Amino acid sequence: MIKVLIATSECVPFIKTGGLADVAGALPKYCDKEKYDIRVVLPKYECLKPQYKDTLRYIKYFYINMEGRDQYVGLFEAEYDGVKFYFIDNEEHFSGDKPYSGMPWDLGKFTFFCKATLSMLPEIQFKPDIIHCNDWETALIPAFLPGYKAQYRFYSGMKTIMTIHNLKFQGIWNIDDVRRITGLDSWYFEYDKLEFYGMSNFLKGGIAFADKVTTVSKTYADEICTEQYGEGLNPLLCYRRNDLKGIVNGIDYSIYNPETDPNIYENYNIDTVIEKKQINKLKLQEELGLEVNPDKLLLGVVSRLTDQKGFDLVRDTLNDIVHDCIQVVVIGTGEKQYEDLFKYFAEVYKQSVSANICYAEALAQKVYAGCDGFIMPSRFEPCGLSQMMSMRYGTLPIVRRTGGLADTVVGYEQDPDNATGFAFDYYNAEDFLRTVRDADRLHREDRGKWNEMVKRAMSKDFSWNASAKEYSDLYSELAGK
């Protein structure tokens, strides 16, 4: 049996701020448990969801030395959906009302987590073949591991995978502070390791030392090797290209299932979607105070409201979209300029725009089920999950062809016979607006073609089955079993 430890800074259902949590929670569930013993380790944050935090079982405690002093490490465990989870406890590092504190406080927090993760393994007598690390918060594990191997036979033979969920976040800080916090020798801060334009870079260290590097879509794996998308790490990623693999994330079909979803107005499947989805649309319009009109194109947004997600394009075209008699419903928080933008339009165009500046999970499910289309014109998108969720509910995404969006959405303009949504290539407001209008035109003029696309989108398999198989194959290859 191949043993794998997934190290992550967040994980569903215990704590979530983004897509990383969904991946860390779903992947171990979908791998063959007869062939793979996959466990997960994450911090025991003070802000873990109470209903799960109260069920954790204490195992033991020990100490690790960091910054010249012994620091307490408490170990807890839980089992959820047949997967074992470990939680590393230390109030100094993991207290507070949110998992991330920002720089420089997160440097010490996640250096401690990386050291504690490696140090806990002999304490629990679990020797993984592979430690699967995720994003910069766990990237020091591959960098620390050679030192542990040199001192302790227990760690011999362990391999590491470094998964990049979003290259934009790298854990960059000055070298002197990082040397002091990590205790790493000056050798680690040379140009081919953690050094990054005179600073230190946690993620670069993980990429340099890991046995394999993955990211969350095939197109994004190609994009990050270019100067445009490489965030300064493209030379190293090009160097490691033979060890770099793109694996598209999946979504958990036990959660995102219109046939059983308790949050939507009317459940449906691919056979009943045309009739029942219309009921969901009308009830969503009614609940949000929009004009109840089955013929108007209703577009949804469930997102962080940031430039990365393409909301500058939405800002520049929203007035045109509304005057085209298209409705928009937004759920999300983010940059104040975009929050204010949607609040303003919702106030001025009450029948056409609904702004919900929050994250409301139940309402988000209603948006997936009740909207006709889903807006996702990202500047870049490593993978993206919302476009897959929307297609699962028969809601056609309107996306820019980048990263995971290019890998998961077939655009109507590019291939009308196989289309599952609408897509444009160049990042500008004119192409985005044209694509929205293409969707509106098809929705008004050829409902039969639209309905064919709805069923085609629903028929696509974005479950974790395919993704888990690719990760499983990578684990087997790396473990040599």
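Student: At what angle do helix H5 and helix H7 pack, and how far apart are their axes?

Tutor: In this predicted model, helix H5 (residues 140-151) and helix H7 (residues 202-209) pack at an angle of about 55°, and their axes are 6 Å apart. The two helices are therefore oblique to each other, and H5 passes H7 in a left-handed crossing.

Student: Which residues make that contact?

Tutor: On the H5 side the contact is made by Leu140, Pro142, Ala143 and Pro146, while H7 brings Phe202, Gly206 and Phe209.

Student: And how many of those are nonpolar, polar or charged?

Tutor: Sorted by class, the contact of H5 with H7 has 6 nonpolar residues, 1 polar residue and no charged ones.

Student: Switching to the core, which residues touch the most other members in the largest one?

Tutor: The largest nonpolar core has 95 residues, and those that touch the most other members are Phe87, Ile88, Met120, Ile207, Leu237 and Tyr475. Helix H4, which spans residues 105-124, gives the most to this core, with 10 residues. A second, separate core has 70 residues, with Leu318, Leu341, Ile398 and Phe422 among them. As general background, nonpolar side chains tend to be buried together in soluble globular proteins.

Student: What is tyrosine 475 in contact with, leaving aside its neighbours in sequence?

Tutor: Once neighbours within four places in sequence are left aside, tyrosine 475 is in contact with Ile2, Val4, Ile6, Leu27, Tyr36, Ile38, Ile130, His132 and Ile161.

Student: Okay, what about glutamate 77, does that count as buried or exposed?

Tutor: Glutamate 77 counts as buried, because its relative accessibility is 19% and the cut-off for buried is under 20%. The residue sits in strand S4 (residues 69-80), and, not counting residues up to four places away in sequence, glutamate 77 touches Leu56, Arg57, Ile59, Lys84, Phe85, Tyr86 and Phe87. Phe87 in that list is also one of the residues named for touching the most other members of the largest nonpolar core.

Student: Where does glutamine 308 lie, and what does it touch?

Tutor: Glutamine 308 lies in the loop between strand S13 (298-302) and helix H11 (311-323), and with a relative accessible area of 10% it is buried. Leaving aside neighbours within four places in sequence, glutamine 308 is in contact with Asn166, Ser378, Arg379, Phe380, Glu381 and Pro382.

Student: Now the backbone: which peptide bond at proline 13 is cis, and which one at proline 104?

Tutor: The bond from valine 12 to proline 13 is cis, with omega near 10°, and the bond from methionine 103 to proline 104 is cis, with omega near 0°. Proline 13 is found in the loop between strand S1 (2-7) and helix H1 (19-30), whereas proline 104 belongs to the loop between helix H3 (91-94) and H4.

Student: What is the phi of aspartate 81, and of cysteine 325?

Tutor: Aspartate 81 has a positive phi of about 50° although it is not a glycine, and cysteine 325, also not a glycine, has a positive phi of about 65°. For context, most residues other than glycine have a negative phi, and most peptide bonds are trans.

Conventions: Residues numbered from 1 in each chain as written. Predicted model: local features only at pLDDT ≥ 70, side-chain atom pairs only at ≥ 80, totals over all residues. Heavy atoms only, no water. Core = buried A, V, L, I, M, F, W, Y, C linked by side-chain atoms within 4.5 Å. Buried < 20%, exposed > 50% of the residue type's maximum accessible area, 1.4 Å probe, protein only. Helix = DSSP H or I, 4+ residues; strand = E, 2+ residues; numbered from the N terminus. Contact = heavy atoms within 4.5 Å. Axes fitted to C-alpha atoms, helices over the stretch in contact; angles between N-to-C directions. Parallel < 35°, antiparallel > 145°, perpendicular 65-115°, else oblique. Left-handed = near helix turned anticlockwise from the far one by under 90°. Nonpolar A, V, L, I, M, F, W, Y, C, P; charged D, E, K, R; others polar.
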